[in-house]
Amino acid sequence: MRRRSELDAAKTDLNRIRSERDQYRRGAADAIEALERLRAAFDALPLGVVIVDVNGNEQLRNEEAARLVDARHTDALAARALSDVLVEATSGETGRVIELHGPPPRTLSLAGAPLISASGRVGTVAVVQDVTERYRLDAVRRDFVANVSHELRTPIGAIVALADTLAAEDAETEVEIMRRLAARIAHEADRAGHLIDDLLDLSRIEGGELQREEVPVRHLVTGAVDRVVVSAGVRSSDISVEGDLPQTTLLVDASQVEGALVNLIENAIKYSDPGAPVFVSATDDGDRVELVVRDRGIGIPPGDRDRIFERFYRVDRARSRVTGGTGLGLAIVRNVARNHGGDVHLDSREGEGSTFVIHLPRASTGQTAKENS
Ligand code: ADP
């Protein structure tokens, strides 16, 4: 009898042990799954993460960290910076930004912090981020603001100086002198206004929004030529439309495309001798329409051809000042072309002239400026 009850008790113990074992197994499996989930989540992060324990032994390096720091071409600098940050982080939050020469050149930001749990410090973590694009955009923005300030300071400085001169004149001063000073003030104010108009145009066009309408290519060309004849006061005979204009229509933002052509024609006039001919033409090869503006002006040196489409870039600053250019015209033209899924090309010979061609796809992709930048 006693034996039987002992046997029962042993059986019960065994069952309990079995159930506890199953519970532990389930717990262990759950813990492993949770760890794997965590690991996958770390690998999905767009940030590099490296974790070490209190003895400095590495416990985790996610995929992004491996990509950023262990890449074949990465300088030893990145690996060194990472281990320095992990050591420094044992005594508090730390960080630095490093430049890698590449290729390709990159800027990495590293930040480190101690990992503290309820029982105290359990290790350190470092986060690595590729900030190349952010730093580049910051530099572009800083440059842009500096350029705008510089460009505005010139006419505004002149207005202040001229106004001071005017204010200092007395009743004896000839009216003619007063008039000349006032006219120069008006001229400088025009320049500042022109720059602000171009900046507003550029920012609207860079926004990429298009008011598309079906418009005959013919109208775009003749509309642009008429606008220049009226605004620039040039003789219409100086600008000739070459060849037959295609009968094609395009689904484009007509005011943007016409404005881009106006910019090119005005440049062709500005950078040619007075009275020199300017030729405007258009062709349609079935897939795309080409709008062409050709001049026999001063031409553009080879070294400047890639850069003239940048904002504020001018080959000859002094000449641009005389002609009243803002340095934004070609940046606007390129943005307009790209907004329509096209581009602008340049062919030029110094001393002989330049040809600018805007390519516009017939089936425009509707690509936006943002996608291009
Ligand atoms: P700007 O207001 O100075 O004309 P753009 O952006 O329109 O600015 O042009 C940038 C620079 O490109 C000009 O300053 C000039 O040096 C050069 N450029 C543009 N168009 C021509 C052209 N048709 N012939 C010669 N140089 C040109």
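In the predicted model, E20 is partly exposed, with a relative accessible area of 33%. The side chain of this glutamate meets that of R16 in a salt bridge, with an N to O distance of 3.5 Å. R16 is likewise partly exposed, its relative accessibility being 43%. Both residues belong to helix α1, which spans residues 2-44; because E20 and R16 lie four residues apart in this helix, about one helical turn separates them. The pair is also part of a network of salt bridges that links D13, R16 and E20.

The closest N and O atoms of E64 and R67 are 2.9 Å apart. The two partners fall into separate accessibility classes: E64 has a relative accessibility of 14% and counts as buried, whereas R67, at 46%, counts as partly exposed. The value for E64 lies below the 20% cut-off under which a residue is classed as buried.

A further salt bridge joins the side chains of R307 and E310, with an N to O distance of 2.8 Å. R307 is partly exposed at 39% relative accessibility, and E310 is partly exposed with a relative accessible area of 32%.

Side chains of opposite charge can pair when their charged atoms come close. With a cut-off of 4 Å between the side-chain nitrogen and the carboxyl oxygen, the count comes to 22 salt bridges, among them the pairs E20 and R16, E64 and R67, and R307 and E310.

Definitions and conventions:
Residues numbered from 1 in each chain as written. Predicted model: local features only at pLDDT ≥ 70, side-chain atom pairs only at ≥ 80, totals over all residues. Heavy atoms only, no water. Helix = DSSP H or I, 4+ residues; strand = E, 2+ residues; numbered from the N terminus. Buried < 20%, exposed > 50% of the residue type's maximum accessible area, 1.4 Å probe, protein only.
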